[in-house]
Amino acid sequence: MRLVTYRANIEAAARLGAIVDDLVVDVERIGAHAGTALPSSMLDLIDLGPPATMALKKILSDHASQWPVGAALPLANVKLLAPIPRPRKNIFGSG
């Protein structure tokens with residue numbers, strides 16, 4: 001499973017997606033369709049831990065050929081962003 005942070009258009013907010021074939025599936029929307037609360041950001045998914053990741057994998061495999069309307073966009077039509085656009089802490093290193 002490849003997770004990305006993406007923007008559907010220039011005015012849209014950054015969202016969490018999963019790349020499936022040549023589509024970006026919106027994690028929060030597919031979760032809502034399946035009746036499972038899933039986050040819209042990478043940091044929130046990390047906070048939820050392995051149970052959320054396992055739930056997402058199951059939902060993606062269950063809906064693999066029939067995406068709900070608005071839950072999947074062609075990869076070519078979205079703008080991929082940094083996975084975690086705003087980290088919680090600054091990390092400095094010195095060598």
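Contact means that heavy atoms lie within 4.5 Å of one another. By this rule, residues 24 or more positions apart account for 59% of the contacts in the chain with a separation of 6 or more. The model is predicted, and local features need pLDDT of at least 70, side-chain atom pairs count only at pLDDT 80 or more, and totals for chains, interfaces and linings use all residues. Residues are numbered from 1 along each chain as its sequence is written, and side-chain values use heavy atoms, with hydrogens and water left out.

The secondary structure comes to three helices and five strands. Helices (H or I, at least four residues) and strands (E, at least two) are DSSP runs, numbered from the N terminus. Along the sequence the pattern is β-β-β-α-α-α-β-β. The C-alpha atoms fill a box of roughly 50 × 30 × 20 Å, taken along the principal axes. Of the 95 residues in the chain, 31% are buried. Here buried means under 20% relative accessible area, exposed means over 50%, and partly exposed lies in between (1.4 Å probe, protein chains only). The accessible surface of the chain is about 6300 Å². Carbon and sulfur atoms hold 56% of this surface. Such areas come from the Shrake-Rupley method with a 1.4 Å probe; for residues, only the protein chains shown count as cover.

The five strands form an open sheet. Their order is β4-β3-β2-β1-β5, and the pairing is antiparallel. Two strands pair if DSSP finds at least two bridges between them. Strands β4 (72-74) and β5 (79-81) stand at the edges with a single partner strand each, so one side of each is left without a neighbour in the sheet. From one strand to the next, the twist averages 45 degrees. Axes are lines fitted to C-alpha atoms, for helices over the stretch in contact, and angles run from 0 to 180 degrees between N-to-C directions.

The strand pairs can be taken in turn. Strand β1 (residues 2-7) pairs with β2 in the antiparallel sense over five bridges. In this pair, T5 has L16 of β2 as its bridge partner. Four bridges join β2 to β3, and these strands also run antiparallel. Across them, I19 stands opposite V24 in β3. Strand β3 (residues 23-26) pairs with β4 over three bridges, again in the antiparallel sense. There the bridge partner of V25 is A72 in β4.

How many residues of β2 are buried? Six of the six are, so β2 is largely enclosed by the rest of the structure. In a regular strand the side chains alternate between the two faces of the sheet. In β2, R15, G17 and I19 point one way. L16, A18 and V20 point the other way.

The hairpin of β2 and β3 has two residues between the strands. D21 lies in this loop. D21 has a positive phi of about 55 degrees although it is not a glycine. Most residues other than glycine have a negative phi. D21 is exposed, with a relative accessible area of 69%.

Helix α1 (residues 27-34) packs on the sheet and touches β2 (15-20) and β3. The direction of the helix makes about 60 degrees with that of β3. V27 lies in helix α1. At 1% relative accessibility, V27 counts as buried. Neighbours within four places in sequence aside, V27 is in contact with L16, G17, A18, L38, P39 and L56. The C-alpha atoms of V27 and L43 are separated by 13 Å, with the two residues 16 apart along the chain.

H63 sits in the loop between α3 (50-62) and β4. Is H63 buried or exposed? At 14% relative accessibility, H63 counts as buried. Its contacts, leaving aside neighbours within four places in sequence, are I30, H33 and A34.

Charge was also examined. The chain has 10 positive and 8 negative side chains. Lys and Arg count as positive and Asp and Glu as negative, while His and the chain ends are not counted. The centres of the two sets lie 7 Å apart. Each charge is placed at NZ of Lys, CZ of Arg, CG of Asp or CD of Glu.
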